[in-house]
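Have a go at each task before you read its solution.

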Amino acid sequence: MLHLRLITPADKTDDVVRLIEKTVGATHLVVMPGAARNPAGDVVMCDVAREAGDELIGALRALDLDKTGSIAVENIDLSLSKRAEKAEDEAPGEGADAVLWEHLSDATHEESTLSITYVAFITLATMIAACGVVLDNAILIVGAMAVGPEFGPLAGFSTAIVQRHPRLALRSLTALLVGFGVAMAVTVGFSLFMDAIGQFSEGQLEDDRPNTAFVYAPDAFSFIVAVLAGIAGTLSLTSAKSGALVGVAISVTTVPAAANAAVALSYGDTKQTWGSTEQLLLNLLGIILAGTLTLLAQKWLWTTQRGKSNAL
C-alpha cells in the first residue's frame with residue numbers, strides 16, 4: 001500500500017476527494033479543512049493499493065495539484081486493516097508488478113545527477129579495481145563493482161528514453177561520461193604514483209591474470225551478461241526491491257574495465273586499453289538496451305492489464 005498526503009487549494013478539495021473516492025483501490029480517506037499553512041489549503045490523506053497508485057497520481061497531476069499544492073507519497077510497510085485488504089483485492093493487477101512512473105523518474109533523477117559524491121564513489125571504485133587488476137585479485141574486483149554507482153545514470157537514461165524526457169537523458173549521459181572520464185584520469189595518475197613507489201609494475205599488468213583477464217577481453221557473453229543484469233536491475237527499481245541492485249552491481253564489468261583501461265594507458269599498452277574500452281562500452285550498451293526494453297515491456301503489459309480491468 002501507498003500513503004498519499006496532499007495539500008489542496010480549498011477550491012480543488014472537492015474535486016480531489018471525488019477523484020479518490022472513485023479510484024478503485026483507494027481507502028482510509030481523511031480530509032482536514034484549512035490545516036495547511038504553506039501553501040495554504042486543506043490536507044487530504046488516503047491509502048491506495050500500489051497497483052492503483054500510478055493512475056491516481058497521474059490524475060492528481062492533471063488537476064495541477066503538484067503546482068498549486070503538494071503530492072507526497074510514502075510506502076506503507078505494515079497496514080493492519082480489513083479496508084486496506086479489500087482495496088488491494090479490488091485494485092487491478094499485482095502490486096509487485098506495478099510501476100510508479102513518477103517515483104521511478106524522481107529516483108533516477110536523483111541517482112543520475114552529477115555530484116561530488118557520485119564522482120567520488122566512481123573514482124574510488126575505479127582505483128580499487130585498478131589494484132584488483134594489477135594484483136589479479138577477484139575479491140577487489142567484486143568490491144569495486146559493488147562500490148560503483150554507475151547503474152543510477154544508466155537506469156536514468158533508459159527511463160528518459162521511455163518517458164521521452166530529454167533533460168533527464170542529457171543529465172544521465174553527462175553523469176556517465178564525466179564520471180568515467182574523471183575516474184579514469186585520476187586512476188591513470190594513481191597508477192603512475194603506485195608505480196613510482198614500487199607497488200605497481202608493468203610486469204604485473206602483462207603477466208597472465210586468470211582471475212581478471214576477462215575485463216579486457218570482450219566477447220558475446222559480456223553482452224549477454226550485461227543484458228541480463230540490465231533487466232534485473234530495472235526490475236529491482238520498478239518493483240522497489242532495491243536489494244537486488246547489489247547483485248546487479250557485482251555482475252557487470254564496467255568499473256573494472258575502466259580501471260584496466262586506465263592502468264594500461266599509464267603503461268602505454270594500447271592493446272589492453274582498447275580491449276578494456278570495448279568491454280566498457282559493450283556493457284554500457286547492453287544495460288541501456290535491456291533497461292529500455294524492460295521498461296517498454298512493463299509499460300505495455302501494465303497498460304494492457306489495466307485496460308482489461310477497466311473493461312470489466
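**Exercise 1.** Work out how the axes of helix H6 (residues 116–135) and helix H13 (residues 254–266) are arranged, and which residues make the contact.

*Solution.* Step 1: the two axes come within 8 Å and cross at roughly 70 degrees. Axes here are lines fitted to C-alpha atoms, for helices over the stretch in contact, and angles run from 0 to 180 degrees between N-to-C directions.

Step 1: H6 supplies Ala125, Thr126, Ala129, Ala130, Val133 and Val134, while H13 supplies Val255, Pro256, Ala258, Ala259, Asn260 and Val263. Contact means heavy atoms within 4.5 Å. Sorted by class, the contact of H6 with H13 has 10 nonpolar, 2 polar and no charged residues. Ala, Val, Leu, Ile, Met, Phe, Trp, Tyr, Cys and Pro count as nonpolar, Asp, Glu, Lys and Arg as charged, and the others, Gly among them, as polar.

A note on the ground rules: this is a predicted model, where local features need pLDDT of at least 70 and side-chain atom pairs count only at pLDDT 80 or more, while totals for chains, interfaces and linings use all residues. Residues are numbered from 1 along each chain as its sequence is written, and side-chain values use heavy atoms, with hydrogens and water left out.

**Exercise 2.** Describe the crossing of helix H1 (residues 13–21) and H2.

*Solution.* Step 1: the axes of H1 and H2 come within 11 Å and cross at roughly 160 degrees. That makes H1 roughly antiparallel to H2.

Step 1: the crossing of H1 and H2 is right-handed. Val16, Leu19 and Ile20 in H1 meet Leu56, Ala59 and Leu60 in H2. The residues of this contact divide into 6 nonpolar, no polar and no charged.

**Exercise 3.** Find the buried residues of helix H5 (residues 101–111) and explain why they line one face.

*Solution.* Step 1: the buried residues of H5 are Trp101, Leu104, Ser105 and Thr108. Buried means under 20% relative accessible area, exposed over 50%, and partly exposed in between (1.4 Å probe, protein chains only).

Step 1: an α-helix has 3.6 residues a turn, so residues three or four places apart point the same way.

Step 2: seen down the axis of H5, the buried residues fall within an arc of 100 degrees, so they line one face of the helix. The arc is that of the directions from the helix axis to the C-beta atoms. The face turned away from the buried side of H5 carries the exposed residues Asp106 and Glu110.

**Exercise 4.** Inspect the backbone at Pro39, Asp64 and Arg164.

*Solution.* Step 1: the peptide bond from Asn38 to Pro39 is cis, with omega near 0 degrees. Pro39 sits in the loop between strand S2 (26–37) and strand S3 (40–48).

Step 1: Asp64 is not a glycine, yet has a positive phi of about 65 degrees. Asp64 lies in the loop between helix H2 (50–62) and helix H3 (65–68), and counts as partly exposed at 33% relative accessibility.

Step 2: Arg164 has a positive phi too, near 55 degrees. At 76% relative accessibility, Arg164 counts as exposed.

How values were computed: Helix = DSSP H or I, 4+ residues; strand = E, 2+ residues; numbered from the N terminus. Parallel < 35°, antiparallel > 145°, perpendicular 65-115°, else oblique. Left-handed = near helix turned anticlockwise from the far one by under 90°.
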